[in-house]
Structure formats: structure tokens, C-alpha cells
Amino acid sequence: MHKSGSIAPALRRGGPCGVGGGDGLEWGAVSGEMKNLCVVLVGTRNPLNVGAVARAMSNFGAMELRAVRPYEKAWREAKSAVGAGELLARAKEFATLAEAVADCSLVVGTTAVGNREMKHPLRGLEEGARLIGKRMETGRVAVLFGSEKWGLSNEDLSYCHWLMRIPTRVEHRSMNLGQAAAVVMYELGRRERITTEDAEGQQRTQRRGEKSAPLKAKGGSPRSGKKGEFAEMETVERIGEALLVSLRKSGYVAARGEAKAEEKLRRMLRRFSMESADAEVLLGMVRKILWKLEQK
């Protein structure tokens with residue numbers, strides 16, 4: 001298991017989300033865009049739940065599991081999960097949530113809502129799975145699950161672009177962690193299968209010579225004409241850090257209110273959903289402003 005104090009070099013090697021050959025989890029075994037899905041467990045304590053999450057991931061083709069501040073005993077005991085031992089052996093451990101999602105361009109938190117005040121857009125599972133599936137076509141997506149007892153904290157949620165909930169009945173909103181993960185993985189895998197079946201159906205129609213729209217323009221690619229890739233959270237975090245220092249030096253943020261300002265700033269930057277090129281330009285602008293402030 002990998003422990004990290006920063007973005008691990010291993011995350012930058014091989015295929016998206018660290019899935020590759022050489023250890024039993026071959027590319028061919030991973031379903032389409034599901035290879036771009038990262039499941040992140042935050043503060044999980046029950047080994048049975050960890051094992052259930054890993055098995056659900058394996059069932060539906062999600063092979064990248066990451067954990068933030070996990071209960072060590074739970075990790076050791078969860079290795080006995082039927083059919084998911086190898087997936088758990090490859091799981092990566094991180095000290096902070098920022099490090100765990102740094103190479104993702106979309107971060108989605110899961111919640112049962114309850115009585116808490118929502119500061120993020122909230123989407124149902126079906127709509128959320130559709131949006132996640134679309135983003136996985138071009139980048140990595142992290143889906144967060146919180147601890148069994150408390151769920152995701154407000155600070156954890158500040159790293160999310162939006163939240164997603166399973167449409168359970170109001171009288172009994174909460175679900176077991178393993179069950180919730182299985183439902184989410186099923187919905188994401190179902191949309192993947194529908195997309196694959198539609199593409200195969202069009203190919204069969206073309207082969208029969210029937211009139212149908214081609215899958216891609218001649219000499220092009222299925223993604224040609226789309227906008228640039230979205231910024232990874234590592235870059236967005238650097239923008240936030242530089243902005244916070246600038247706001248502090250300018251006197252806009254007082255020392256006693258810095259923690260709250262940081263959380264608000266983090267949520268605001270994620271609402272922008274910046275593309276990679278725009279994020280790099282903005283980072284350069286903020287750093288230049290900060291440099292000027294430091295000259296005074």
C-alpha cells in the first residue's frame with residue numbers, strides 16, 4: 001500500500017488511475033471509461049465495509065481505490081475480501097484529501113443529506129452518473145465516500161465540485177457504506193454498458209450498409225472538436241493557496257477568519273470548473289500579484 005505526503009510519482013506512471021499491466025489488473029479487464037474512476041474512502045473504520053466497497057468496485061470495473069486517513073486495522077483485515085484482495089493490495093493511502101484527489105478533474109461527494117445545510121449543487125444518482133460518465137471520457141473523476149458514522153465533513157465537502165445522493169425514501173435515508181458503493185458502481189457501470197452497446201449497434205448498422213451517422217469523422221477521433229481538458233485539482237489547489245496568501249497580505253482576510261475563508265475559496269474555485277489552460281494562466285496571474293505584494 002502506498003502512503004503519500006504529496007502526489008505520488010506512481011500516480012503519474014502507467015495508465016489513468018494507476019491501472020495497467022504487470023500485476024493481474026490488465027487494461028483489457030477494465031471496462032471503457034471506468035478506468036478513469038477513482039473511489040476515495042475518507043476515514044473508513046469497518047473492514048467489512050472496506051471489503052464490500054472493493055468487491056463492488058471489482059464487480060463493475062472500477063479498479064482504483066484510494067483511502068484518506070483510514071483506520072489501519074480495517075485495512076489489514078479487509079484484505080480478505082472475496083475477489084477483491086488484489087484491488088485492495090493496490091490501494092493507495094493518503095494523509096490528506098487534497099493529495100488523494102490532486103490528479104482528478106472532477107470530485108463528487110456522496111451524501112444522505114439528512115438535516116445538514118447543503119452548500120453545493122445536489123444531484124440524484126441517475127443525473128450524477130450521466131455527468132460523471134461524460135467527464136470520464138476526458139479525465140479522472142473521484143467519487144468520495146465518508147466514514148460510516150459521520151459521512152463526509154464540511155471540510156471534506158469543500159474539495160467537491162458537487163454532491164450526489166441515492167434516492168432512498170425520506171424515512172430511511174442512510175445506507176450501509178458497502179451497499180451505497182455497490183449502487184453507485186452499478187449505475188456508473190450500467191451507463192458504461194449502454195454507451196458501449198449503442199456504439200456496437202451503430203457499427204453493426206454501418207456494416208450492413210444502412211444509413212446511420214458515423215461514429216467519427218474520417219481521419220479524426222471520437223473526441224475531436226471538444227473543448228480542452230479540465231484542470232486537475234493539484235493546479236486548482238495551487239491557485240487557492242496563492243490567492244489565500246495574497247488575500248492575507250492585502251488585508252482582505254484576517255488571521256482569525258483564515259480557515260473559513262480558505263474553505264469558501266476552495267468551494268468557489270471548484271464552481272468555476274476551469275479548463276487546464278485557463279487554470280495555468282490564472283495561476284500565473286495570481287503568482288504575479290503575490291510577487292508584487294511581497295515587494296512592498
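1. A search through the whole structure, which is a predicted model, turns up 2 cavities of 30 Å³ or more. Let's look at the second largest cavity, which holds about 40 Å³ of space. Which elements give two or more residues to its lining? Helix H9 (233-250) and helix H10 (258-272) do.

2. Here is who sits around that space. Ser-105, His-161, Ala-231, Met-233, Val-236, Leu-269, Arg-270, Ser-273 and Met-274 line the second largest cavity. Sorted by class, this lining has 5 nonpolar residues, 3 polar ones and 1 charged one.

3. Now for the two helices themselves. Two packed helices are described by the angle between their axes and the distance between the axes. For H9 and H10, the angle is about 140° and the axes are 10 Å apart. That makes H9 oblique to H10, and the crossing of H9 past H10 is right-handed.

4. Which residues of H9 and H10 meet? On the H9 side they are Met-233, Val-236, Glu-237, Ile-239, Gly-240, Leu-243, Leu-244 and Arg-248. On the H10 side they are Glu-258, Glu-262, Leu-265, Arg-266, Leu-269 and Arg-270. By class, this contact counts 7 nonpolar, 1 polar and 6 charged residues. Keep an eye on Met-233, Val-236, Leu-269 and Arg-270: they take part in this contact, and they are also among the residues lining the second largest cavity.

5. H9 has another partner, helix H11 (residues 276-295), with an angle of about 25° and axes 9 Å apart. Are H9 and H11 roughly parallel or oblique to each other? An angle under 35 degrees counts as roughly parallel, so H9 and H11 are roughly parallel. Their crossing is left-handed, while H9 passes H10 in a right-handed one.

6. The H9 residues that meet H11 are Thr-235, Arg-238, Ile-239, Ala-242, Leu-243, Val-245, Ser-246 and Lys-249. Facing them in H11 are Ala-279, Glu-280, Leu-282, Leu-283, Val-286, Arg-287, Leu-290, Leu-293 and Glu-294. This contact has 10 nonpolar, 2 polar and 5 charged residues.

7. How big is the volume of the second largest pocket? About 540 Å³. The pocket is lined by 25 residues, and the closest to its centre are Thr-111, Ala-112, Gly-151, Ser-174 and Met-175.

8. Which elements each supply at least two residues of this pocket's lining? Strand E8 (162-165) and helix H8 (177-207) do. The largest share, 3 residues, comes from H8. As for class, the lining of the second largest pocket splits into 11 nonpolar, 9 polar and 5 charged residues.

Conventions: Residues are numbered from 1 along each chain as its sequence is written. This is a predicted model: local features need pLDDT of at least 70, side-chain atom pairs count only at pLDDT 80 or more; totals for chains, interfaces and linings use all residues. Side-chain values use heavy atoms; hydrogens and water are left out. On a 1 Å grid over the protein atoms alone, a cavity is a set of points where a 1.4 Å probe fits but cannot get out, and a pocket is an open set with protein on both sides within 12 Å along at least five of seven lines; lining residues have an atom within 4 Å of a point. Grid points are joined across faces, edges and corners, and a volume is the space filled by probe spheres set on the points. Helices (H or I, at least four residues) and strands (E, at least two) are DSSP runs, numbered from the N terminus. Ala, Val, Leu, Ile, Met, Phe, Trp, Tyr, Cys and Pro count as nonpolar, Asp, Glu, Lys and Arg as charged, and the others, Gly among them, as polar. Axes are lines fitted to C-alpha atoms, for helices over the stretch in contact, and angles run from 0 to 180 degrees between N-to-C directions. Angles under 35 degrees count as roughly parallel, over 145 as roughly antiparallel, 65 to 115 as roughly perpendicular and the rest as oblique. A crossing is left-handed if the near helix is turned anticlockwise from the far one by less than a right angle, and right-handed if clockwise. Contact means heavy atoms within 4.5 Å.
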